[in-house]
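Please keep the structure in view while reading.

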Amino acid sequence: MSHLPDHVRRAIEITSAAGTRERIIDITTLGRRTGRPRRIEIFFYRAAGATYLCSGAGGAATDWHANLLANPNFTFHLKNGTRADLPARATPVTDPAERQAVLAEIVADLNQPHDPGTIRPTRLEDWADSRLMRISFRQRP
């Protein structure tokens, strides 16, 4: 992320002190069947020094996840405070040890006493089947 401006990097590198507002972004994916842009609001998470998107407790299938599996390039839209439309790439997290470590950190973060999200309290076992994507930010061409 060193290629990003400092204020954008700070907005992405949230800590457990961040509130709900700082965690909400939009993403624009390409529809896997239509090829049309699809924009949704979603939470992003920081864990293990990286940025993630996660489907949350229960692990239900999501269109955004299926779209990113079909085409991993998307736009990450910061919209609260700092505004930026960032080209990004999603990589599914499939390694069991990495998934466990990242999900444990996400759940611990969500269980902070200041309630950083709307999903509280939460248990790690409820998140075991979550769709989990690691995000890298690409330089503009």
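Leu 53 touches Ile 25, Ile 27, Ile 42, Phe 43, Phe 44, Trp 64, Leu 68, Phe 74, Arg 131, Leu 132, Met 133 and Ile 135, when residues up to four places away in sequence are not counted; contact here means heavy atoms within 4.5 Å. The model is predicted: local features need pLDDT of at least 70 and side-chain atom pairs count only at pLDDT 80 or more, whereas totals for chains, interfaces and linings use all residues. Residues are numbered from 1 along each chain as its sequence is written, and side-chain values use heavy atoms, with hydrogens and water left out.

Leu 53 also belongs to the largest nonpolar core, which has 23 residues. Such a core is a set of buried Ala, Val, Leu, Ile, Met, Phe, Trp, Tyr and Cys residues joined through side-chain atoms within 4.5 Å; buried means under 20% relative accessible area, exposed over 50%, and partly exposed in between, with a 1.4 Å probe and protein chains only. The members that touch the most others are Ile 12, Leu 53, Phe 74, Phe 76, Leu 78, Leu 86 and Ile 135. At least two residues of this core come from each of α1 (6–12), β1 (24–30), α3, β5, β6 (84–92) and β7 (132–137). Helices (H or I, at least four residues) and strands (E, at least two) are DSSP runs, numbered from the N terminus. The strand β6 gives the most, with four residues. A second, separate core of 15 residues includes Ile 24, Phe 43, Tyr 45 and Leu 132. In soluble globular proteins, nonpolar side chains tend to be buried together.

Helix α3 (residues 63–70) holds Leu 68, which is buried because its relative accessible area is 1%. Beyond four places in sequence, Leu 68 is in contact with Thr 29, Leu 53, Phe 74, Ala 90 and Met 133. Thr 29 lies in strand β1 and, at a relative accessible area of 3%, is therefore buried as well. The side chains of Thr 29 and Asn 67 are joined by a polar contact of 3.1 Å. A polar contact is a pair of N or O atoms within 3.5 Å; within protein, one must be able to donate a hydrogen and the other to accept it, and residues adjacent in sequence count only if both atoms are side-chain atoms.

The aromatic residues come next. Rings of Phe, Tyr and Trp (its six-membered ring) pair if their centres lie within 6.5 Å; planes under 30 degrees apart count as stacked, over 60 as edge-to-face and the rest as tilted. By this rule there are four aromatic pairs. One of them, Phe 43 with Tyr 45, is stacked, at 6.5 Å centre to centre and 20° between the planes. Ring pairs link Phe 43, Tyr 45 and Trp 127 into a cluster. Phe 43 counts as buried because its relative accessibility is 19%, and Tyr 45 is buried because its relative accessible area is 3%. The rings of Phe 44 and Phe 76 have centres 5.4 Å apart and planes at 70°, so this pair is edge-to-face. Because Phe 44 lies in the loop between β2 (37–43) and β3 (45–47) and Phe 76 in strand β5 (residues 73–78), the pair ties together parts that are 32 residues apart in sequence. Both Phe 44 and Phe 76 are buried.

The loop between β4 (50–54) and α3 contains Ser 55. Ser 55 counts as partly exposed because its relative accessibility is 22%. A polar atom of the Ser 55 side chain lies 2.7 Å from the backbone nitrogen of Arg 131.
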